[in-house]
Amino acid sequence: MSAPLIETRGLSKHFGGVQAVRTIDFSLAEGELRCLIGPNGAGKSTFFKLLTGQIKPTSGAVLFRGIDITALQAHQIARLGIGIKTQVPSVFNGLSTRQNLWIAAARHNNRKEATQAVERQVERLGLGRFADKPVGQLAHGQRQWVELALVLCGNPDLILLDEPAAGMTEEERVRTAEIIREINRVHPLIVVEHDMSFIRTIAQRITVFDRGTILMEGDVDQVFSSQTVRDVYFGKQVAA
Amino acid sequence: MIAGVRPNWGLVTVGVLGLALLIGLPIFLDLFGLLQVTLYAIFGILALSLAFIWGYGGILCFGHSAFFGLGAYTYAVAVINIGESTGALLLAMLLPAVLAAALGYFMFYARISDIYVGVITLTLTLIFYNCINSTAGPAYHIGDALLGGFNGMPNVPSLNIPFLPDETLEPLGMFLLCGALLLIVYFALHGLLVTRFGRVLVAIRENEQRVEFLGYDARLHKLVAFSIGGALAGLAGCLYVAWGNYVSPPVFSVVQSAQMIIWLMVGGVGTLLGPVIGAVAISWLTVKIGTQQVVNASVVLGAVLLVFVLLVPRGVAPMVTERFVPWLLSLRRAAVARREIAQGGKA
């Protein structure tokens, strides 16, 4: 079996007396699309922030291609090839879509190549209609796509998406699911999401979080047919 | 297209107008007028230094006069000791840049919030003001240069032609130098802002976290921008002392820092031309009020700031480019449309 692309070893995070994440061992293989699900407060967003370096763990380690990235700054983690899309679109509101994407593409391309990379992503995600408008003036769903394109412009080895379909219309969600499946042909992905209908359209393997730990891991059918998962989502107390 | 090359008519206009003023003003102005516009050009450079770090880097420096004053005192001390202005001018830029880099390192690498950056820079300039104010008496000197405390340092030598200490610049030469430097700084900053560094700096102003997620070290970019701003403020400080042959503690004052912020707010934060216009207009207004002795200049400046914050919150330059120019263009389009309809009717 090949070495995991990213893995965590005994990852924990405490906020005062609250244990948000408890000794999590997680791994993702090359090429995989993994969905992280769980009810509110399950610890998936904290886990996401630990992976991306936004917060530092109380104990444990995060390894990317075998390199310990636990203590690295967010920009150092990004340079290793991890692209991040946050829950609330994190874009440059005062700049146009093309200007946004150019900043991302210019980090490892010269001017000409960066411009070409921008046009590729504009075409790929269908952003042409609003590519020269300030991103702050776009609809929420469009801003989500701009952020996704920002991530793709960096051509990362691993993409982490936090609730990519949040606040989208049904039509936009369908399109986003298509985009994610298309991205996964090239890039491994971790998607944090709690919208089960959206999960069904994209998921291959699912990791279920509950009370800061991994409750179960399995393919879509296993997870959705699990009584334990249903109990967690519908509020029945799970035996410790 | 962001990376494309196309003529920027705004920049061309500024360049042509700037050169015309540089050549034309000495012909039309008397000595007093020439000295005044030289001072406006110096303040224009100072305004550009703050415009760059605040308007484009998003770093609100409440105590920018610390770098201006340090440049001023560095020049005064160095030129008295060296006896020649070339090295003194370079030192007057270098020292503020180094101070800005050191201060920026602790502020940006500690990731303190914007408001604390403002407070720290304000405190720094107050410290400088009080320290230099307490240096009266012969005991306080650096080499041959007496610091002079609240009385300041008189008889500071003017700038001279590089490495020719006896060839000092007359008012006309000083005007041409300051005007040319204003244009050079303006175009250099414009050039810098279209590089990758400049664009990332603007992106940091918009969303620092996203810049980090894209793999850029936002702290380093802010540090470099802050140092450039410090060096330019130091240059303005040096020119200011060389212009007036005198420096005193008020160059570090909070009033000086507040004036710079008013220049930017009146001219337009996030532009380069606006702050220069703001600096010239407010300095001209201050001189006019000072000459007439009717009302207190600080009261008028406060009123100007209030009016702009309430009525023109984005400043003059954005209002002209975003409101006035589109309005003029729409008038022109309407006139063309009317002409075409009239011609169609005749046909």
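At 4% relative accessibility, B:Phe175 counts as buried; buried means under 20% relative accessible area, exposed means over 50%, and partly exposed lies in between (1.4 Å probe, protein chains only). This is a predicted model, in which local features need pLDDT of at least 70 and side-chain atom pairs count only at pLDDT 80 or more, while totals for chains, interfaces and linings use all residues. Residues are numbered from 1 along each chain as its sequence is written, chains are lettered from A and ligands numbered from 1 in the order in which they are written, and side-chain values use heavy atoms, with hydrogens and water left out.

B:Phe175 lies in helix α6 of chain B, residues 171-193. Helices here are DSSP runs of H or I with at least four residues, strands are runs of E with at least two, and both are numbered from the N terminus. What does B:Phe175 touch beyond its neighbours within four places in sequence? Its contacts (heavy atoms within 4.5 Å) are B:Leu21, B:Leu22, B:Leu25, B:Pro26, B:Leu34, B:Val37 and B:Thr38. B:Gly229 is another matter: 54 residues along the chain from B:Phe175, its C-alpha atom is 22 Å from that of B:Phe175.

Now take chain B as a whole. It has 13 helices and two strands. A compact globule of 347 residues would have a radius of gyration near 20 Å, and the 22 Å of chain B agrees with this. That radius is taken over C-alpha atoms, and the globule rule is 2.2 Å times the number of residues to the power 0.38. The C-alpha trace of chain B spans about 90 × 55 × 45 Å along its principal axes. Of its 347 residues, 47% are buried. Among contacts with a separation of 6 or more, 75% join residues 24 or more positions apart. Chain B exposes about 16,600 Å², and carbon and sulfur atoms supply 71% of that area. Accessible areas come from the Shrake-Rupley method with a 1.4 Å probe; for residues, only the protein chains shown count as cover.

Charge comes next. Lys and Arg count as positive, Asp and Glu as negative; His and the chain ends are not counted. Each charge is placed at NZ of Lys, CZ of Arg, CG of Asp or CD of Glu. Chain B has 16 positive and 13 negative charges, and their mean positions are 21 Å apart.

Helix α10 of chain B covers residues 254-267; at 1.5 Å a residue its 14 residues should span 20 Å, and its end C-alpha atoms are 20 Å apart, which agrees. The expected span is 1.5 Å times one less than the number of residues. α10(B) is mostly covered, with 10 of its 14 residues buried. Among them are B:Met260, B:Ile261, B:Ile262, B:Trp263 and B:Leu264. B:Gly268 follows α10(B) with a positive phi near 125°.

Most residues other than glycine have a negative phi. Which residues of chain B have a positive phi without being glycine? B:Arg111 is one of them, with a phi of about 55°. It sits in the loop between α4 (85-109) and α5 (114-133) of chain B and is partly exposed, at a relative accessible area of 37%. B:Phe163 is another, with phi near 65°. Its loop runs between β2 (145-146) and α6 of chain B, and B:Phe163 is exposed at 64%.

Turn to chain A. It has nine helices and 10 strands. Its radius of gyration is 18 Å, in agreement with the value near 18 Å for a compact globule of 240 residues. Its C-alpha trace spans about 55 × 40 × 40 Å along the principal axes. Buried residues make up 55% of its 240 residues. Chain A exposes about 10,300 Å², with 48% supplied by carbon and sulfur atoms. Its 28 positive and 25 negative side chains form two sets whose centres lie 4 Å apart.

Helix α3 of chain A, residues 97-105, is mostly covered: eight of its nine residues are buried. They include A:Leu101, A:Trp102 and A:Ile103. What do the buried residues of α3(A) pack against? Their partners are α4 (111-124) and α5 of chain A, together with α7 (196-206) of chain B.

A:Gln144 is found in that helix α5, residues 140-153. It is buried, at 0% relative accessibility. Not counting residues up to four places away in sequence, A:Gln144 touches residues including A:Lys85, A:Pro89, A:Glu163 and A:Met168. A:Val174 lies in helix α6 of chain A, residues 170-183. At 45% relative accessibility, A:Val174 is partly exposed.
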